[in-house]
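Dear colleague,

Please find the structure we discussed below. My notes on its pockets follow.

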Amino acid sequence: MAERSVALAVRYRFTPWWVKVIVIFAASRVVTTAIMLSFAGRQDANPWTGPKPSYFDFAAIWDGHWYYIISAVGYPWTLPMTADGRVAENAWAFMPAYPAVVRFFMQLTGQGFPVVAVCVSVAFSLAAALMFYKLMHLVLPGGTALFAVVLFCVAPLSPILQVSYAESMHLLLLTLALYLLVQRRYWMLIPVVAVMSLTRPSGLAFALTMLLHVGYRWWMQRPSARNREEFALRDRVASISVGLFSAFSGVAWLLIAWAVTGSMTAYTDTELGWRAAYIGYGELVPFTAWVSATEFWAPWFRMPQPVLLVLLVIVVAGFFAALLSPWARRIGVDLRFWIASYALYLLAVFFPQSSLFRLLMPLFPALGVLALPKSITYRVLLVALCVVGQWAWVQFGWWVDGEDWTPP
């Protein structure tokens, strides 16, 4: 028995990292697929499917239907309007890279949207898991990096990795971008950022990351810096160029929507149309949506709006303070710059509702911090809680329960 254990340990030690990641990913997909099928088997008729839909049809509901529309007919040249003259919900809220890839494989294979979209998402998800290990291994030991991959694959929102949403493609591109940033391969970032910014909104957040990165490297080149590091002219030119390109990429989709529809505010008006179901129409004023949300959600949480606002301030302050902790420092400064930048981006432009959980997914480098403790009990319990969280999220967000108002 002891010899067999030693043999297995040796075999595991010499197993290539990518094989370990693939096994982890495959096992996690079995668990998640079982959860999704259990809900599909109990799903009643809804706006997208009949009762008890197949897995592929069940995975193509909600925003998946918008991606289907885009892959089939593209974007409207004229913005649809409501009866009171406001811009209605429409396809311009969704960026084109993911539906373009799906359309390509639909034409290549002759298969329908639900099957192709799920297969494309799973392929991107596997590539993201492999890339995530490479990223984590830059800042963490191999075993810890591998457990971070486990958390990535079983996280409560991981069902989104195998449905017809753009998140899997975006996570792959974001992981690759962060990997190149940590390695300071700046010029290679430009094509990655270009496609990433047309997959999910992220260009402006990445531009802020680059600004913080440049500022940090400039500061660390001082003779008095504890860990002095040269910031060569070629790196200055390259990193600043990437930052400027990221900023442009962050507004490129707004400019494209303007060029096609003739409306300078086509994209922002479309996004405000989605928010209108909660708080009505208004102007896009940065950092005000979360304050408005405390008023909207106060009755739901059964607490006065000022109390909810104070709790929000405490949570936000605690989040950013945690990035300065010794544990968070283990993942390196650049990943923390991204986490802070993306969090600020969400605070600036997003109205918090049930989709918030999905929009928090780009904060995934923080999983490296959760992976640090080596206690077997801790790790087993954390994985179990993540799996329970998957069930809870599918129940709350994905499964359509009558007149459902909690889109994922």
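**Pockets and their linings**

α12 gives the most to the lining of the second largest pocket, contributing eight residues. This is a predicted model, in which local features need pLDDT of at least 70 and side-chain atom pairs count only at pLDDT 80 or more, while totals for chains, interfaces and linings use all residues. Residues are numbered from 1 along each chain as its sequence is written, and side-chain values use heavy atoms, with hydrogens and water left out.

A pocket here is an open set of points on a 1 Å grid over the protein atoms alone, where a 1.4 Å probe fits, with protein on both sides within 12 Å along at least five of seven lines; lining residues have an atom within 4 Å of a point. Helices are DSSP runs (H or I, at least four residues) numbered from the N terminus.

The largest pocket has a volume of about 1,400 Å³. Of its 48 lining residues, Val315, Leu356, Phe357, Leu360 and Leu363 lie nearest the centre. α14 supplies the largest share of this lining, eight residues. The lining of the largest pocket holds 43 nonpolar and five polar residues, and no charged ones.

With kind regards

Conventions. Grid points are joined across faces, edges and corners, and a volume is the space filled by probe spheres set on the points. Helices (H or I, at least four residues) and strands (E, at least two) are DSSP runs, numbered from the N terminus. Ala, Val, Leu, Ile, Met, Phe, Trp, Tyr, Cys and Pro count as nonpolar, Asp, Glu, Lys and Arg as charged, and the others, Gly among them, as polar.
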